[in-house]
Amino acid sequence: MEAIKSRVFFRGRLQSSETIRLRKRKSVLYSKEAANSARGRGFFGEDFYVLLLSAAFRILNCFLVQTSFVPDEYWQSLEVAHHMIFNYGYLTWEWNEGLRGHTYPLVFASIYKILYLLNSDKVQLLIWAPRLAQALLSALADVKIYSLIRHLENAEIAKWVYFCQLCSWFTWYCCTRTLTNTMETVLTVFALYYYPVQGSKTKNNCKYLTLVALAFVIRPTAVILWVPLLVSHFLHEHKKLDLLLQHCVPIGFATLGISTIIDRVYFGKWTLVQLNFLRFNVLQDVATFYGSHPWHWYLTQGFPVIVGSHLPFLIHGCLLAPKKYWILLGAVAWTVLIYSLFNHKEFRFIYPVLPLCMVLCGFSLARLKTWKKAAVSFLVFSNLIPALYTGLIHQRGTLDVMTHIQQLCSTNSSATSVFILMPCHSTPFYSHIHCPIQMSFLECPPDLTENDGYVDEADIFYMSPLAWLRAEFYNKTLLPTHLVFFNVLEQEIRPFLVSYNYVKTETVFHTHIPEGRIGSHIYVYERKPK
């Protein structure tokens, strides 16, 4: 018995002295990645640090974009918001015809109202606060696109999609501007996050359809991009009737109803803005009044320009992306095709397809091995140069000149009057000076009476500027105290300036690429007493 005990004892000693190796297993429940994922879940995305990086990047982006792009970034948003809160300003013809809705300007009007209640409605805050708000929304969109690909694929591919999104020069140029196209792009990304892509863990029919409906309310043509996506969802949905009756119809009616009530409050009458917008811009093609391009313009210029140096990676990514992403490629192709059918074309109209393109570019960069560092360097530098040039230099004069006009508010504002002799809507208006001095500009509403011989005021002026000025200001009491115009006009109207003792007081740089009626510099002339 003692021998047996001794044997058992020594065997136990020997076993305990040996190192016991256990096989390592990855626990999904307790893994670091899963812990981070669980900790970061929510509307702000999976990675809180990605949110902080995006917010910091877009705030920097906001302050490094100090140029003008198109008049709508002021005249269809900030000018309307300023008029809503401070009860003075100018509303363009679209608002008289009920073509634009108040839902988007209401966002900035709310910011203006808060600043007013805090007695902080200083002009610089009125200019930058809306842009910062738009920048933070764009930052959130960056996070959502990263989180979506991380859910669908993995963190490596998501990282490269995120890099492409931040690296895009056109996104940098547009994403902090107060344009309806910018908000449309943000809402498109948000909706895509909840869209039922194959294998998605974030799909939510109610959320994505609400975001699509909101994008439609803000800009009715937003529905173009979503047509193939909605059709694909409907075809793959097993409970088609439930999708229509429990989601599409209630969400559509609720969103459109709220938008119509908001417009009823501010228009003072019932107005279906979305129907008017489609009727004027699509069916009647009134937008052609502001310019037209050949059918192939988006294919040969528009799309290649906004994608920029990402284009070869986009083509490569289309070949590598899994089949479930073909619907995104289809949505891009469909959008470019439909917009090509309209005569009036602009770069910003197809801006919402850019995040979808960056998803496909990310697959290309993730697959590269040997040339990855070279590709990254190429993308950074090839996008950095146009981003900084267009954001800081090109077409900055029309904003800088408003600073000089704003300084007139500190003088005798009741006796001050400014006439802007430039292509219509070249500059912002009261949202950038925030004082009720008398200001005028050359107007250019389209002909809504179907008069073949119609010519707007701006075109009449440029036919014979000197004759127009002499006819308009036939009496000295009508003369404005200040005139603002591009340098290309100076020689032609010099006799008028000399005869009424106007003196140049400011010269503002605008662009290195003057064209037609747009000059390289803007002059401010002040009328001096004789």
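In which loop does asparagine 501 lie? In this predicted model, asparagine 501 is placed in the loop between helix 24 (490-499) and strand 4 (502-509). The backbone of asparagine 501 has a phi near 60°, a positive value in a residue other than glycine. With a relative accessible area of 24%, asparagine 501 is partly exposed, because the partly exposed class lies between the 20% limit for buried residues and the 50% limit for exposed ones.

A positive phi is also found at histidine 434, which is not a glycine and has a value of about 50°. Histidine 434 belongs to the loop between strand 1 and strand 2. The relative accessibility of histidine 434 is 17%, so the residue counts as buried, the cut-off being under 20%.

The structure contains 2 disulfides. In one of them, cysteine 409 is bonded to cysteine 435, with a distance of 1.7 Å between the sulfur atoms. This pair connects distant parts of the chain, 26 residues apart: cysteine 409 is in the loop between helix 21 (397-406) and strand 1 (417-421), whereas cysteine 435 is in the loop between strand 1 and strand 2 (438-441). The torsion about the S-S bond is -50°, and the link of cysteine 409 and cysteine 435 is left-handed. Cysteine 409 and cysteine 435 are both buried.

Cysteine 424 and cysteine 444 are likewise joined by a disulfide, for which the S to S distance is 1.6 Å. The link of cysteine 424 and cysteine 444 is right-handed, with 70° about the S-S bond. Cysteine 424 has a relative accessible area of 18% and is therefore buried; cysteine 444, at 6% relative accessibility, also counts as buried. When bonded cysteines are counted along the chain, the disulfides follow the pattern 1-3, 2-4.

Cysteine 167 takes part in no disulfide, and the nearest cysteine sulfur, that of cysteine 164, is 7.1 Å away. This distance is not within the 2.5 Å required of a disulfide, so cysteine 167 and cysteine 164 do not qualify as a bonded pair. Cysteine 167 is buried, its relative accessible area being 12%. Cysteine 361 is also in no disulfide; the nearest cysteine sulfur, again that of cysteine 164, is 5.1 Å away. The relative accessibility of cysteine 361 is 0%, and the residue counts as buried.

Helix packing was examined for helix 8 (residues 123-152) and helix 9 (residues 155-167), whose axes are 8 Å apart and meet at an angle of about 155°. The two helices, helix 8 and helix 9, are therefore roughly antiparallel to each other, since angles over 145 degrees fall in that class. The crossing of helix 8 and helix 9 is right-handed. On the side of helix 8, the contact involves Asp142, Ile145, Tyr146, Ile149 and Arg150. These residues meet Ala155, Ile157, Ala158, Lys159, Val161, Tyr162, Gln165 and Leu166 of helix 9. By class, the contact of helix 8 with helix 9 comprises 9 nonpolar, 1 polar and 3 charged residues.

Terms used. Residues numbered from 1 in each chain as written. Predicted model: local features only at pLDDT ≥ 70, side-chain atom pairs only at ≥ 80, totals over all residues. Heavy atoms only, no water. Helix = DSSP H or I, 4+ residues; strand = E, 2+ residues; numbered from the N terminus. Buried < 20%, exposed > 50% of the residue type's maximum accessible area, 1.4 Å probe, protein only. Axes fitted to C-alpha atoms, helices over the stretch in contact; angles between N-to-C directions. Parallel < 35°, antiparallel > 145°, perpendicular 65-115°, else oblique. Left-handed = near helix turned anticlockwise from the far one by under 90°. Contact = heavy atoms within 4.5 Å. Nonpolar A, V, L, I, M, F, W, Y, C, P; charged D, E, K, R; others polar.
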